[in-house]
Amino acid sequence: MKGSSRQTMTGNTFLAYRYKNLIFKNDLTLVSNKGTNSPYGSFRQYAQLNPYWTPYNADGSYKVYLEDILNEETGKRLTNFDSYDNLTGYVGRPVNPLYDATLNLVDQTNYHSIINNFALEWQAYSWLKLKGTFAYLYQADESDRFLPAQHSSFTNVATFEKGSYTKGYGKNQRYEGIFSANFNKTFDKNLIFATLGANISQENNHTETFKVVGFPNASMDNMSQGLQFATGTKPEGTENIKRLAGLFSNLSFSHNSRYLLDFSFRLDGSSQFGSDNRFAPFWSAGAGWNLHKEHFLAQTKGIDRLKLRYSFGYTGSQNFDSFYGKTTSQYFNSTDYRGMIGTYLLGFGNNALAWQKTQKNNLGLDLTLFKRFDLTANYYIEKTEGSIASISTAPSTGFDQYKENMGDLEAKGWELYTRYNILANSANRNNWSVFVNLFSVKTKITKVSNTIAALNKSANEKLSSLPITRYAEGQSQTAIWAVPSLGIDPASGYEIFRTRDGKLTNTYNPLDQVIVGDSRSDVEGTFGTNFEYNGIGFNAFFRFRLGGQAYNQTLADRVENVNARLYNVDRRVAQERWMKQGDHVFYKGLIDADGYAISTPTYATSRFVQNDNLLSLESVSVFYRFKDQLTKRWRMSNTKISLYSNDVFRMSSIRRERGLDYPFARSFTLQLSTSF
Amino acid sequence: MKIIYNNKAYSVLLIIGLGILTQSCNKWLDVQPSTQTTEEKQFSSEQGYKDALIGIYQKMAQANSYGKELSYGCLDVLAQLYQSKSNANTDTYGQMARYNYTDATVKSTLSSLWTTQYSTIAQANYILKDIDADKGLFTGVNYQLVKGEALATRALLHFDLLRLFAASPVGNPTEDSPSIPYMTAFTVNPGKVLPRAEVLALLEKDLKEAEALLAVYPTIDQIKDNAANTSLEVFTMFRQNRLNVWAVKALLARIYLYRGDKVNALKYAKEVIDSQKFEFVNGNTNTVNAASTTSNAIFSTEHIFSIYKSNLKELSDRYFKTEAGAPENEDLFTTLTNLNSWYEIAVAGHAIDIRGPQASNSRWNQFNATTVYNTKYYVGNNVTNVNQKLVPVIKLSEMYYIAAEASETLEQALSYLNKVRTARLIPTLSASTISTPTLLEGELFKEYRKDFYAEGQLWYYYKRKNYSTLQNTVGGTMDNSKYVFPLPDNEIEFGLN
């Protein structure tokens, strides 16, 4: 959008110093950023303006209000359409966003940050190296938003409260330290590596916001020139602190470069876990066999590398906000009750909520043939115990959802990474290779928790009025639920649904939902090519997916659940919705057979579940690498100039809106790099 | 630098070191931002329980609850009190005035009303969960206050949900007709939708228990007298803004009348009236100018229970004022013709009614003849007035009306009704003119409409009496499909029906 910008200045120094068997490294980065938001607002505002309006008055100046309809008899302006949402906070008359853009608005953010990474390595003995790193991050944020008194959002505000300045400050600090001891020993044909370490970190941040109002003079845009704090408000802020501590260790063993054994162990603790399960241990073990080093294969021509791998281990994740595990309340921020400030619940804390533990089994193969063809293949089975899911609950409990270790999941999948070098010349840098990577995974629920099993049981006993089961054994975890639809009835313009009993009806009932699709793809992956010949080079990177469905929310939001009375709407509303009896169309009626507007919203229906196949060119680049002989006279080497572009094209079987706030930018970057 | 390296000692030291590290790590990781508190920490002190209780009132002050919708918002729109919404059929309130409960925005408003009420009930259950075990933490009468108020809140919120989402006893005489779930535990397991009779029994049980607990602190410090208070004892100040023992009795009176139990309704209404803790404003001396520090436009001395809403100015400026040359689309107002008819201006002696448009200290802002705003919620700019920012929930006048309706004889009923009329400066009614129960009911209805403009009580009265025709309506003839709100979709989908 015009007038929006982001300016970043970054400075970095890297210092390394070696003294006997000590190495010091320090990396300091300073960043200063200023971002300005467009005074034209978001693009969404413009997309919803009715096309028969004009932003100009007869004399060419910008209109303030876009609509002025007078009652012919009384001459007074009609007010019953004054519920237009301008998306600036003002709901009322439609305002010309171009008018607001001409005012002296200030809408910017800026931040300064210091990031320092310090590392120290000490080779205490030939077999022992001690490492310590310490990182520090400090960031100070500021935001300013000034709206002058003439801005449309103050139309109905008292004179001395027109104009506002909202100022925000934020500070973020992070400390992190990692210490480790690395051990290596070789004896006979055996090699042992071992690491033992600990990490500790703390992050804290806080923000404050102030709002001052009363700026009758539009050019006085300094916060201290406001008349008062907004009545009934006070400064607001947030505060947060998080601490992590952990222990890690690795052990690797290899014999004759043929047989490999790995073992690792981690212990992590976080301040966000409840005090009952604060620490969680994870471990993994793996074995590998370099077949290409065996004597029976060493003679075989062509097999440059053949490695078989197997690994087994546990990982876990705590991917939930801490208040789901322990009931937490937050203090009210902006209101008080007769001078006292109370708390409100953030959510229902499930005390039994535990980490979800995933057991990973991975069988892999690494193959290189004729120095041209590389292949890496993995087949894995992941069993998750106590997978954490959000369970929806009735609003009468006071909550709309809670988290539960819903049950056990099993994911089976495979990955394939292949690369073929069509041309590979070691003398010069000429090369041409193509690569294809494929992935596919299927997840299903193998066991449901006792609570879910009980809910399922009671639902099955009383089919018609109890909630449908969302988690059941054998079910995919990515299933899409909707009511099965038979399309739009040409006689009435209403949608025909099939109920759970198999009957047909026009009435939507959320209890009739069944599984109508799955969002998981059958296979997805990337492919592309890298090419360089005589200094001229070309790279392309594609992404694709096949199989699986998605719910096309755009059709629901833009074609059916629209307010055509106030806003500009998609063309399909006028052309493809049912209008009269006999229309065989895909979208439901705008009006019914008697001419009355159909205003019931469209809920989850199988009509909008569509196949989700995709092919996109994610990045493409061309470059020219200058020959070192040419640049030697200026003592430059490895000089390269490249042009690249991202998101070049995207072909999808679903036509969906991807965002309306900021226009899609097609960007091209030209880069020159060299070393002295 | 050579380190003396002893295999055994080194590993022992390592293990001990790890042990100490893990223990001190545990302590170091036990940290929380100051704006949050966990259940364990909050309920380890009396202050935590008090914070949770005050949080309940702050939730009730939200716009989705008594802060707007359940007072001057959608309930009075449904009672057809705002001409502005009868005229507008294009916004949410306009659709509500026409009882169109399938409209998307109306559904969403009702659904968030339901959710906010139950969310507040859940917080009350959160307090009640372990309060008996933690009795030792409390000093003085605080245990009784916290527990009693939590129980009373639970009952108040459930009762209002019952009155809205279930048919009234007159509308559907079947005692076992399904109504709402009554949640008494802090849980995520949905409660079953109970028959109306059972909900009423549970309400009575909760309120009786609350009454017994709160009886230890019957003092009412008048709001207006707290203006210059310098005490630090904030928890026991402003009893009218909390569910005190008299509010519990008043609620019981309401519930008994709702059930048709006139004897008990009269008994409890009398207890509140005879306590003499609340008084009518003096119609001759009371001022209503929002800019003054002592004015009392909301009649705070009559509040048995009212909510304090710290950001009321924002909403009252939005709905009851206009800065433009014409009334705004969202404004709530009525016409002078309506007011003149409701306050019986044409009848002798009634024009002086302190609630009416022609009162000497009028609480009406006449923008023009068809746009008259009520000023009772006005908040002065930069003015500290303890009587402002209040939304009444239970008033003294309602107790008199309940007593009048539940009285056994017409004389007794009229004596109660006349007390209110005298306080409002209008002439009393004599037994000769009001000689039948129908005439009495007519007078009571007029009183409900006069006294509770923008307070959300008239809808409950219409529904309880099952009136088939509402005055000034754009919604047609009334029946249960219009009187009873449909349950929200999420409740049907995930609840136990």
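Let me start at the interface: 22 residue pairs, both members at pLDDT 80 or more, are in polar contact between chain A and chain B. Keep in mind that this is a predicted model.

Who supplies chain A's side of that interface? Six strands of chain A each give at least two residues to the side that touches chain B: E5 (106-125), E8 (190-213), E10 (236-255), E11 (259-270), E14 (328-331) and E15 (343-345). E10(A) gives the most, with seven residues. By residue class, the chain A side divides into 31 nonpolar, 29 polar and ten charged.

Now the extent. In contact terms, 70 residues of chain A meet 77 residues of chain B. In area terms, the two chains bury about 6,900 Å² between them. Carbon and sulfur atoms carry 59% of that area. Three residues stand out on chain A: Tyr337(A), Arg338(A) and Ser396(A). They supply 13% of the area that chain A buries against chain B, more than any other three residues.

How many salt bridges are there between chain A and chain B? The count is one. Lys326(A) pairs with Glu40(B), and the closest N and O atoms are 3.5 Å apart.

E14(A) is joined by three bridges to strand E1 of chain B, residues 36-38. The two strands run antiparallel. Thr328(A) has Thr38(B) as its bridge partner in E1(B).

Next, salt bridges within the chains. Over all chains, the structure holds 65.

Take chain A. Arg93(A) and Asp68(A) meet through their side chains, at 3.7 Å from N to O. They sit 25 residues apart, in two loops. Arg93(A) is in the loop between strand E4 (91-92) and helix H2 (97-101), and Asp68(A) is in the loop between helix H1 (43-47) and strand E3 (84-85). Is each end buried or exposed? Arg93(A) has 13% relative accessibility, so it counts as buried. Asp68(A) has 57%, so it counts as exposed.

Over to chain B. Asp451(B) forms a salt bridge with Arg355(B), closest N and O atoms 2.7 Å apart. Asp451(B) lies in helix H16 (residues 437-451) and Arg355(B) in the loop between helix H13 (336-342) and strand E5 (364-368), so the pair ties together parts 96 residues apart in sequence. Both Asp451(B) and Arg355(B) are buried. Both also belong to a network of salt bridges, with other members including Glu302(B), Lys376(B) and Arg424(B).

Lys465(B) is partly exposed at 22% relative accessible area, whereas Glu405(B) is buried at 11%.

Then a sheet in chain A. It is open, with three strands in the order E21-E22-E23 and antiparallel pairing. E21 (485-488) and E23 (504-505) stand at the edges, each with a single partner strand, so one side of each has no neighbour in the sheet. Two bridges join E21(A) to E22(A), residues 495-498. Ser485(A) stands opposite Phe497(A).

Last, two backbone angles to check. Asp647(A) has a positive phi, near 55°. This residue is in strand E30 (residues 637-652) of chain A, and it is partly exposed at 35% relative accessibility. Tyr99(B) also has phi near 55°. Tyr99(B) lies in the loop between helix H6 (92-97) and helix H7 (104-130) of chain B, and it counts as buried at 7%.

Definitions and conventions. Residues are numbered from 1 along each chain as its sequence is written. Chains are lettered from A and ligands numbered from 1 in the order in which they are written. Side-chain values use heavy atoms; hydrogens and water are left out. Contact means heavy atoms within 4.5 Å. Buried area is the accessible area (1.4 Å probe) that two parts lose on being put together, summed over both. A salt bridge is a side-chain nitrogen of Lys or Arg within 4 Å of a carboxyl oxygen of Asp or Glu. A polar contact is a pair of N or O atoms within 3.5 Å; within protein, one must be able to donate a hydrogen and the other to accept it, and residues adjacent in sequence count only if both atoms are side-chain atoms. Helices (H or I, at least four residues) and strands (E, at least two) are DSSP runs, numbered from the N terminus. Ala, Val, Leu, Ile, Met, Phe, Trp, Tyr, Cys and Pro count as nonpolar, Asp, Glu, Lys and Arg as charged, and the others, Gly among them, as polar. Two strands pair if DSSP finds at least two bridges between them. Buried means under 20% relative accessible area, exposed over 50%, partly exposed in between (1.4 Å probe, protein chains only).
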